[in-house]
Amino acid sequence: MANKIKRVAVFTSGGDAPGMNAAIRAVVRTASYHDLHIYGIRRGYQGLIENDIIKLQRSSVGHIIQRGGTMLKTARSEAFRTKEGRKQAHEALMAHDIDACIAIGGNGTFTGAKIFQEEYDFPFVGLPGTIDNDIYGTDYTIGFDTAVNTAVECLDKIRDTADSHNRLFFVEVMGRHSGYIALYTGICTGAGSIFLPEEDNDIDHLVAQLKKSTKRKKLFNLVVVAEGNQNGGAHEIARKVNEQFDGYETKVSVIGHLQRGGSPTAADRLLASRLGYESVNALLAGKKGVALGITNDKVVFTPFEDAIGKSKEPSKDMIRMAEILAL
Ligand code: F6P
């Protein structure tokens with residue numbers, strides 16, 4: 001390969017996501033196949049600033065494909081937002097003669113990579129690793145499928161007790177800005193209603209729906225709420241509904257960080273393996289400044305500015321479908 005890249009570093013940044021380890025493994029194994037030196041930066045950009053860099057080899061990534069979390073740890077770095085922080089990061093990379101970086105994370109991670117690459121003309125490629133699935137340029141992000149499966153398992157359990165007691169449950173899932181987890185979980189668990197950050201959900205409309213359900217003798221109900229819905233989280237929405245309607249005994253459950261952990265699903269391991277493998281090939285082919293993704297089963301490369309700047313939202317058709325199936 002006619003390319004000067006000999007030393008590559010990989011790191012994870014932002015919120016962890018199941019499948020990040022599988023991605024790290026694929027990067028390390030592919031780099032090693034091509035006789036590259038491969039380094040792991042611990043704790044994302046913060047670790048880079050602090051020169052927390054370790055040498056990796058094939059054996060370093062044994063027995064991790066099935067593990068949640070990230071063996072390289074992760075962080076959200078305020079210091080990397082500053083010029084001084086990025087200067088220290090550059091010095092650390094130069095101290096190890098590193099030629100290129102593979103960043104695994106979400107929008108914040110790609111934003112950091114883009115700024116750094118522009119300032120120092122240093123090659124970066126990105127892999128979409130976030131449970132939120134909110135990155136433009138890929139059908140799915142690493143970790144999303146596992147998070148949804150975890151949430152579905154929780155909702156199925158809540159359904160059992162909701163049914164036994166004839167209760168109305170408001171269940172909050174993650175997604176400050178993104179409704180993908182809420183929508184997919186709501187569809188897969190037959191929720192009566194789904195509140196998303198992207199939608200202007202109306203409490204009065206929900207109350208009217210609940211009144212209809214009780215008339216139909218539907219004795220329990222599930223409402224899935226994304227944490228970022230503009231009416232508030234599940235507690236707040238339950239409170240507002242209770243002010244208007246007391247036809248159900250209501251309970252609230254917040255699934256929280258359970259969704260971020262656990263063994264990745266087969267779909268996430270496969271996605272992470274494909275993207276990790278392709279990210280090394282991309283660097284060797286001279287690509288930089290791009291996020292990798294898979295759309296329609298093909299690997300695609302999206303410039304960081306589009307991956308960050310263009311929004312990706314759950315499809316309106318799917319939202320409509322969810323409403324109709326819940327009627
Ligand atoms: O971006 C992933 C995510 O899990 C969001 O869904 C959630 O809002 C946020 O991270 C929580 O972040 P933290 O773990 O820092 O509280």
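This is a predicted model: local features need pLDDT of at least 70, side-chain atom pairs count only at pLDDT 80 or more; totals for chains, interfaces and linings use all residues.
Student: Okay, and how far is the ligand oxygen from an N or O atom in the side chain of His257?

Tutor: That distance is 2.8 Å. Arg260 also has a polar side-chain atom 2.9 Å from an oxygen atom of the ligand.

Student: How much of the ligand's area does the protein bury?

Tutor: The protein buries 79% of the 400 Å² that the ligand exposes when taken alone.

Student: Which residues are around the ligand?

Tutor: You'll find Arg76, Thr130, Ile131, Asp132, Met174, Gly175, Arg176, Glu227, His257 and Arg260 around the ligand. Sorted by class, that shell has five charged, three polar and two nonpolar residues.

Student: What pocket is the ligand's space?

Tutor: The ligand takes up the space of the largest pocket.

Student: New topic! What domains is the chain divided into?

Tutor: There's domain 1, covering 7–143 + 264–309, and domain 2, covering 145–260.

Student: Which of those domains does the shell around the ligand draw on?

Tutor: Both domain 1 and domain 2 contribute, with at least three residues from each.

Student: How many residues of domain 1 and domain 2 are in contact?

Tutor: Contacts link 13 residues of domain 1 with 12 residues of domain 2.

Student: And what distance separates the centres of the domains?

Tutor: Taken over C-alpha atoms, the centres of domain 1 and domain 2 are separated by 34 Å.

Note on methods: Residues are numbered from 1 along each chain as its sequence is written. Side-chain values use heavy atoms; hydrogens and water are left out. A residue is near a molecule or strand if one of its heavy atoms lies within 4 Å of it. A polar contact is a pair of N or O atoms within 3.5 Å; within protein, one must be able to donate a hydrogen and the other to accept it, and residues adjacent in sequence count only if both atoms are side-chain atoms. Accessible areas come from the Shrake-Rupley method with a 1.4 Å probe; for residues, only the protein chains shown count as cover. On a 1 Å grid over the protein atoms alone, a cavity is a set of points where a 1.4 Å probe fits but cannot get out, and a pocket is an open set with protein on both sides within 12 Å along at least five of seven lines; lining residues have an atom within 4 Å of a point. A molecule sits in a cavity or pocket if more than half of its atoms lie within 2 Å of its grid points. Ala, Val, Leu, Ile, Met, Phe, Trp, Tyr, Cys and Pro count as nonpolar, Asp, Glu, Lys and Arg as charged, and the others, Gly among them, as polar. Domain bounds come from an automatic or database domain assignment. Contact means heavy atoms within 4.5 Å.
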